[in-house]
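Visitor: I would like to go through this model step by step, beginning with the overall chain and ending with single residues. Could you guide me?

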Amino acid sequence: MSLKEIAIDFLTLVVKGEAKIAFNLYVSTEFIHHNPWFPADANSLMCAMETDAINQPKKSFELISVIEERNLVAVHSRVVLKNSLKEIALAHFFKMENFKIVELWDIGQEAPDITINTKGMF
């Protein structure tokens, strides 16, 4: 399995509500998460992802692009929250070692209802 496939499978499992499986398969014991809204450890992020899956059970996940270079993978995606129909643009940056995720950066931006850009966010 390539690093790109690991990142995609990890995100797909998380969106399907299977964060524990995703973390058990793909996350290193040395994992660090770089997001200002959560503690940096794997368990805190996994619990937050499980809670989100319960609160947003019917969200959809669409890959826009994936780039793999050396031990880094960047994933650009769109998530649609079914209960509100809000679209969110996401960028995840994975650092891998020995086919495990050792660091994760994530950035999200909600798509506005009205945009000046006629091409939109996607």
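Visitor: In what order do the elements of the chain run from the N terminus on?

Guide: This is a predicted model, in which local features need pLDDT of at least 70 and side-chain atom pairs count only at pLDDT 80 or more, while totals for chains, interfaces and linings use all residues. Residues are numbered from 1 along each chain as its sequence is written, and side-chain values use heavy atoms, with hydrogens and water left out. Helices (H or I, at least four residues) and strands (E, at least two) are DSSP runs numbered from the N terminus, and the chain has three helices and five strands. From the N terminus, their order is α-α-β-α-β-β-β-β.

Visitor: What is the radius of gyration of the chain?

Guide: The radius is taken over C-alpha atoms, and the globule rule used for comparison is 2.2 Å times the number of residues to the power 0.38. For 122 residues that rule gives 14 Å, and the chain comes close to it, so it is as compact as a globular protein of that length. The C-alpha trace spans about 45 × 30 × 25 Å along its principal axes. The radius of gyration is 14 Å.

Visitor: What percentage of the residues count as buried?

Guide: Buried means under 20% relative accessible area, exposed over 50%, and partly exposed in between, with a 1.4 Å probe and protein chains only. Applied to the 122 residues of the chain, the buried share is 34%.

Visitor: How are the axes of α2 and α3 arranged, roughly parallel or roughly antiparallel?

Guide: Two packed helices are described by the angle between their axes and the distance between the axes. Here axes are lines fitted to C-alpha atoms, for helices over the stretch in contact, with angles from 0 to 180 degrees between N-to-C directions; the axes of α2 (residues 19-26) and α3 (residues 42-55) come within 9 Å and cross at roughly 150 degrees. Angles under 35 degrees count as roughly parallel, over 145 as roughly antiparallel, 65 to 115 as roughly perpendicular and the rest as oblique. The pair is therefore roughly antiparallel.

Visitor: Which residues of α3 meet α2?

Guide: Contact means heavy atoms within 4.5 Å, and on the α2 side the residues are A19, K20 and F23. Their partners in α3 are A42, L45, M46, M49 and E50.

Visitor: Is L63 buried, partly exposed or exposed?

Guide: L63 lies in strand β2 (residues 60-69), and, not counting residues up to four places away in sequence, it touches I8, V75, H76 and S77. L63 and M46 are 17 residues apart in sequence, yet their C-alpha atoms are 21 Å apart in space. With a relative accessibility of 32%, L63 is partly exposed.

Visitor: Which residues is S28 in contact with, leaving aside its neighbours within four places in sequence?

Guide: S28 belongs to strand β1 (residues 27-34), and its relative accessibility of 14% places S28 among the buried residues. With those sequence neighbours set aside, the contacts of S28 are K100, I101 and V102.

Visitor: Where is N98, which has a positive phi although it is not a glycine?

Guide: Phi of N98 is about 55 degrees, and N98 is exposed, with a relative accessible area of 74%. F99, also a residue other than glycine, has a positive phi near 65 degrees and is exposed at 51%. N98 is in the loop between β4 (86-97) and β5 (100-110).
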